[in-house]
Amino acid sequence: KICWYEREMDDKTRQRNMMAADIRRGIHAGEFSLHYQAIRNIKDRSITGYEALLRWQHPQLGTIPPDVFIPIAEESGAIVPLGYWVLEQVCNESLENGLNRKVSVNISPVQLRHRSFIEKVREILMRTAYPVSLLEFEVTETAFVINKQLAFSVLHHLQKMGISIALDDFGTGYSSLGLLKDLPIDVMKLDGVFFRVSVDVNRGHTILKYIIDMVKELNISTVAEGVEREEQVEFLKSAGCDLIQGFAFYRPMPVEQFEEVLDGPV
Ligand code: C2E
Ligand code: CA
Ligand code: CA
């Protein structure tokens with residue numbers, strides 16, 4: 001039984017190692033691409049920005065979702081070159097298609113810890129001539145688990161460069177208020193867990209209302225993500241939420257399609 005178990009583990013490890021090598025190969029082979037999902041102003045419904053989401057089209061395995069390959073890329077360190085590819089691609093694609101809105105890029109904790117992260121970001125911004133005022137990095141609370149001091153100092157530095165910082169997935173992790181006290185962030189992304197249907201939707205609403213009030217006092221703006229139904233918007237508006245993102249309005253889509261959305265009627 002133990003032997004079998006170990007073999008199982010071995011296979012799993014081997015599979016993950018294979019996929020990690022495949023990710024590095026896939027970057028050069030042009031198998032990765034980005035989809036963009038619109039972020040709207042809750043009041044006038046204008047599109048203020050968009051989130052870049054990574055897609056992998058594997059030659060044999062087909063489409064592999066980020067929830068599957070991002071953890072493996074993080075574990076193996078492949079997220080470092082992949083993350084730089086994402087940033088450079090976002091800058092080039094946004095400029096080439098004249099998107100002219102703020103783009104949010106997901107940054108893994110592993111990337112933040114990479115020694116030359118700040119230098120590399122600066123270099124990519126210079127090379128692509130992308131305006132720093134139109135760039136936002138999304139980080140999750142897990143970025144602060146291993147080395148909080150380092151993460152804080154890197155984020156402060158990025159903020160000084162003019163990049164805005166968003167805290168992603170608030171409500172799903174520890175949602176630590178102690179952390180929030182010192183965290184250098186400009187935007188908070190509130191997870192759909194607060195307003196999606198649950199046993200008692202009023203409880204979620206009450207919690208969310210207080211969080212939004214508190215966060216506003218700290219001069220942090222709020223984005224509700226995972227908004228799936230139009231009727232959730234009324235509540236979010238009354239709670240004072242600034243921006244909304246979700247399947248109720250736009251799904252993530254390739255850049256050409258997204259460009260048409262931007263050109264279309266509000
Ligand atoms: P995330 O950063 O929380 O991104 C939002 C995810 O929610 C996306 O999934 C998006 O397609 C999905 N979503 C948007 N609106 C709705 C909605 O109304 N309902 C529901 N149920 N889902 C919605 P996706 O694209 O599969 O990405 C999954 C995760 O993979 C992301 O979660 C992020 O953690 C990670 N990821 C994606 N791209 C990157 C990247 O370039 N770098 C890094 N480090 N992570 C990435
Ligand atoms: Ca995100
Ligand atoms: Ca999120």
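Predicted model: local features only at pLDDT ≥ 70, side-chain atom pairs only at ≥ 80, totals over all residues.
Local features need pLDDT of at least 70 and side-chain atom pairs count only at pLDDT 80 or more, while totals for chains, interfaces and linings use all residues. Residues are numbered from 1 along each chain, chains are lettered from A and ligands numbered from 1 as written, and side-chain values use heavy atoms, without hydrogens or water.

**Exercise 1.** Determine which residues and elements surround ligand 1.

*Solution.* Step 1: count the residues with a heavy atom within 4 Å of the ligand.
Step 1: list the polar contacts (N or O pairs within 3.5 Å). Polar side-chain atoms of Glu51 and of Asp169 each lie 3.2 Å from an oxygen atom of ligand 1, and a backbone N or O atom of Phe247 lies 2.8 Å from an oxygen atom of ligand 1.
Step 2: Alone, ligand 1 exposes 790 Å², of which the protein buries 79% (Shrake-Rupley method, 1.4 Å probe).
Step 3: assign the elements (DSSP runs; helices of at least four residues, strands of at least two). Two or more shell residues come from each of β2 (47-58), α2 (66-76), α3 (79-96) and β6 (164-170); β2 gives the largest share, 4 residues.

**Exercise 2.** Identify the donors of the calcium ion (ligand 2) and their spacing along the chain.

*Solution.* Step 1: take N, O and S atoms within 3.2 Å, the limit for Na, K and Ca (2.8 Å for other metals); water is absent, so sites may look incomplete. Glu51 (OE), Asn106 (OD1), Glu138 (OE) and Asp168 (OD) coordinate the ion at 2.1 to 2.3 Å.
Step 1: read the spacing, which is E-x54-N-x31-E-x29-D. Within this set, Glu138 of strand β5 (residues 135-139) and Asp168 of strand β6 are 30 residues apart.

**Exercise 3.** Describe the calcium ion (ligand 3) and the residue that bridges it to ligand 2.

*Solution.* Step 1: the donors are Asp168 (OD), Asp169 (OD), Glu225 (OE) and Glu225 (OE), at 2.2 to 2.5 Å.
Step 1: their spacing is D-D-x55-E. Asp168 in strand β6 and Glu225 in strand β8 (residues 221-225) are 57 residues apart.
Step 2: Asp168 bridges the two calcium ions, which lie 3.8 Å apart.

Conventions:
Polar contact = N/O pair within 3.5 Å; in protein donor to acceptor, adjacent residues only side chain to side chain.
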